[in-house]
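Q: Can you walk me through this structure? I'd like to go one topic at a time.

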Amino acid sequence: MNWLDQLLFDSDSIAHIVLLYTVVISVGIYLGKIKFFGISLGVTFVLFAGILAGHFGFTGTTSTLNFLQDFGLILFVYCIGLQVGPGFFESFKKGGIIMNLLACGIVALNIVVMLALYFAFFDTSDPQNLPMMVGVLCGAVTNTPGLGAATEALTQVFAEGTIPQIASGYACAYPLGVVGIIAATISIRYLCGIVLKDEEDKIIAEQAENPHAKPHKMTLRVSNTALDGKTMLQVRDFLGRDYVCSRSLHEGHVSIPNRDTKLYVGDNLFIVCAEDDAEAIKAFIGPEESVDWEVQDVPMVSKSILVTQPKMNGKTFGQLHFSSVYGVNVTRISRSGMNLYADRNLRMQIGDKIVVVGPEDAVDRVANLMGNSVKRLDHPNLLTIFVGILVGIVFGSIPFAFPGIPTPVKLGLAGGPLIVAILIGRFGYKLHLVTYVSTSANFMLREFGLALFLASVGIKAGENFVNTVVAGDGLKYVWTGFLITVIPILIIGLIARLRYKLNYFTIMGLIAGSTTDPPALAFANQSSNSDAPAVGYSTVYPLTMFLRILTAQLIVLLMCSV
């Protein structure tokens, strides 16, 4: 039976390490699906399974555990960066500034409350206490990447063998963190006397008054005599609104107009524009008409084409001159489940689906130009992933010296890859890097990295976890974590409602996004029939995730090294 003892207990054995991780991750994911009062912990339960394994002596060598922990962390944060990168800078545009400032307020108050509790109730002379409170902070806001960043930063401050196992604080605070976020969200509703049905009605009214810039199709008859003999380009300049004319009917003949096509009174135009601009364009050109475009003399087709050709990545629609060069028009674009108007300044991304209208042979030529290959999208762009990780690790290893701080600050294995991934996700096309990763592939890599990280952290923390909870400050971590969770949400939530009059469902999404908490978003989505929670979540999530990772690391580097 020596082979069995070696498999179960020999920490130097590769078979033992593989078996340990597969069991911990499998058990953690399975238990994570169990719901407690309608809430499940998901993959985070891998941490608790790892703690249990470590407590009973199932472990590996320190170097192996550290490698798997850091490798998992790099995969996790890099994939997060790629996911949030395209929308990171756009989230600061009109309508998102106030929400992002409120989310920053929650992040800042979390830190302020944590530091206040640390100085009020913990022994500040013990160098272990502040790092443990950082772990509690990460658990209180259910932010695992922040835990990873702080854990990695501790290796720069503490000597080997003295590094605090802050996962214990994280594990103590996490369960009540999930509950506290939802409880605080519900409390705001009752404190402000909010009626859910009234909030739904307000959203419907706002959408009717301010429709999104989604594609709107209509056929117009040119009746404005001032446009007679004017070109499409001149009409566009006169009107000052963007639109696409995909087909023109002049004297019984259908054609694909371009910028030099002249309009005449009585012509029929098939217009695609942003919904907001439809009434203005109709008032300027002429009334709507009913035309059967399918029975005209020149057969036209409308076809959805997938952009899979790498050289198209980052090009604007205006650069390609579809109407003048190819004799077709692009009317709209589908990206990440959203339908967008094909503005000439909009940049294409690999994975976009564009709707092209024109003669069949011309549409086929455009399809060949764009690639239109589903198989190519299924092929992972590993070059971009590993080049990005390489640059991220180098960038994260650069020391930045600040006056008064004895230890140079490094972004580390979490901050470096995260920032580089965000920049590549947004600007990679300028370097001819194809940054497209399918949603399923990104999620697979992200969850795989997270599972490795949580299993490693749990196994390492398991040996001393029970002693920390029972004989140490475990119970104190629980109730301080709950206060760190609830107080900032209540303060900012009330400000968002009473000062900025935000819709309650938007506030729910904002709170879920500012705590990067999927269970809170799921609860918000169940409470509303609109997409307001999802919009609020996605607006603040990119910046908040960045701040959670960076601030957790900076607290360790700036305060624990003093």
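What follows is a chat about this predicted model.

Q: What should I know about numbering and cut-offs before we start?
A: This is a predicted model, in which local features need pLDDT of at least 70 and side-chain atom pairs count only at pLDDT 80 or more, while totals for chains, interfaces and linings use all residues. Residues are numbered from 1 along each chain as its sequence is written, and side-chain values use heavy atoms, with hydrogens and water left out.

Q: OK. How many helices and strands does the protein chain have?
A: The protein chain has 22 helices and eight strands. These are DSSP runs, numbered from the N terminus: helices are H or I with at least four residues, strands are E with at least two.

Q: And what share of the protein chain counts as buried?
A: Of its 562 residues, 51% count as buried. Buried means under 20% relative accessible area, exposed means over 50%, and partly exposed is in between (1.4 Å probe, protein chains only).

Q: How much of the contacts comes from residues 24 or more positions apart?
A: Such pairs make up 80% of the contacts in the protein chain with a separation of 6 or more. Contact means heavy atoms within 4.5 Å.

Q: Now the core. Which residues touch the most other members of the largest nonpolar core?
A: Tyr21, Val24, Leu47, Met114, Met133, Val134 and Ile484 do, in a core of 103 residues. Helix 22 (residues 532-559) gives the largest share of this core, 14 residues. A nonpolar core is a set of buried Ala, Val, Leu, Ile, Met, Phe, Trp, Tyr and Cys residues joined through side-chain atoms within 4.5 Å.

Q: What does isoleucine 484 touch?
A: Leaving out residues up to four places away in sequence, isoleucine 484 touches Asn110, Val113, Met114, Leu117, Met133, Val136, Leu137 and Ala140.

Q: Which residues of helix 14 are buried?
A: In helix 14 (residues 360-370), the buried residues are Ala362, Val363, Val366, Ala367, Leu369 and Met370. Seen down the helix axis, they fall within an arc of 160°, so they line one face of helix 14. The arc is that of the directions from the helix axis to the C-beta atoms.

Q: What is on the face turned away from that buried side?
A: That face of helix 14 carries the exposed residues Glu360 and Asn368. Just after helix 14, glycine 371 takes a positive phi of about 105°.

Q: Where is lysine 501, and is it buried or exposed?
A: Lysine 501 lies in the loop between helix 19 (474-498) and helix 20. Lysine 501 counts as exposed, at 64% relative accessibility. Its phi is positive, about 55°, although it is not a glycine. Most residues other than glycine have a negative phi.

Q: And threonine 142, buried or exposed?
A: Threonine 142 counts as buried, at 6% relative accessibility. It lies in the loop between helix 6 (129-140) and helix 7 (144-157), and its phi is near 50°, a positive value in a residue other than glycine.

Q: What lines the largest cavity?
A: Its lining includes Val107, Leu137, Asn143 and Arg548. Helix 22 gives the largest share, three residues.

Q: And the second largest pocket, what is nearest its centre?
A: Thr62, Asn66, Glu160, Gln165 and Lys460 lie nearest its centre, out of 27 lining residues. About 590 Å³ of space lies in this pocket.

Key
On a 1 Å grid over the protein atoms alone, a cavity is a set of points where a 1.4 Å probe fits but cannot get out, and a pocket is an open set with protein on both sides within 12 Å along at least five of seven lines; lining residues have an atom within 4 Å of a point. Grid points are joined across faces, edges and corners, and a volume is the space filled by probe spheres set on the points.
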